[in-house]
Amino acid sequence: EDFLNLIFKAMTKDSLNSSHPVSSAVQSSEQIEEMFDALSYIKGASLLLMLKHYLTKDVFQAGIEVYLHKHNYGSAQSDDLWDSMNEITNGTLDVKKLMKTWILHKGFPLVTVVREGKIISVQQEKFLYHVEPENWTSDASYLWHIPLTYITSSCSFTHCANAYLLDQKSGM
């Protein structure tokens with residue numbers, strides 16, 4: 001419950017146009033210190049939970065083990081974790097491409113789901129809680145790769161969750 005409260009606080013901060021990406025290039029130690037705030041930690045943790053749920057616990061765990069084994073007692077670059085996950089998924093999913101849309105963009109998407117009979121359509125757009133005119137920039141090009149999971153009436157959430165990757169502005 002405490003973590004959920006932290007997530008909502010981080011999302012409120014991240015929904016402002018003055019937010020920042022989880023990962024970005026830095027030139028000074030001051031910029032490094034600015035990056036390590038609650039938003040970076042909580043959003044980062046939430047993104048890892050999202051990835052774990054999408055890949056499944058066992059695949060995610062295997063990717064973490066590969067990453068830790070390759071980089072024990074050494075340093076790692078930001079893409080090394082995603083490369084380890086790609087190694088485990090055997091090219092069935094480009095984890096690096098998926099996760100870069102989340103860590104390199106500030107903010108998060110609003111996903112709208114519409115059902116018309118048996119047809120379900122989904123659409124994404126950047127969510128902004130409050131636009132600050134002095135900091136406003138157009139984010140029309142933002143596109144997240146959003147892992148969506150769903151169940152049908154013939155199965156339960158724990159036994160046969162289906163997955164769909166929304167990697168365009170809209171899909172069916």
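Me: Is lysine 70 buried, partly exposed or exposed in this model?
Reply: Happy to look at that one. This is a predicted model, where local features need pLDDT of at least 70, side-chain atom pairs count only at pLDDT 80 or more, and totals for chains, interfaces and linings use all residues. Residues are numbered from 1 along each chain as its sequence is written, and side-chain values use heavy atoms, without hydrogens and water. Buried means under 20% relative accessible area, exposed over 50%, and partly exposed in between (1.4 Å probe, protein chains only). Lysine 70 has 48% relative accessibility, so the residue counts as partly exposed.

Me: Which residue forms a salt bridge with lysine 70?
Reply: A salt bridge here is a side-chain nitrogen of Lys or Arg within 4 Å of a carboxyl oxygen of Asp or Glu. For lysine 70, the closest N and O atoms of the pair are 2.5 Å apart. The partner is glutamate 87.

Me: How many residues apart in sequence are lysine 70 and glutamate 87?
Reply: Helices are DSSP runs (H or I, at least four residues), numbered from the N terminus. Lysine 70 lies in helix H4 (residues 57-71) and glutamate 87 in helix H5 (residues 80-89), so the pair ties together parts separated by 17 residues.

Me: What is the relative accessible area of aspartate 14?
Reply: Aspartate 14 meets lysine 43 in a salt bridge, 2.8 Å from N to O. Lysine 43 is buried, at 9% relative accessibility. Aspartate 14 is buried too, and its value is 2%.

Me: How many salt bridges are there by this rule?
Reply: One of them joins lysine 96 and aspartate 79 at 3.9 Å, N to O. The count comes to 6.

Methods
Helices (H or I, at least four residues) and strands (E, at least two) are DSSP runs, numbered from the N terminus.
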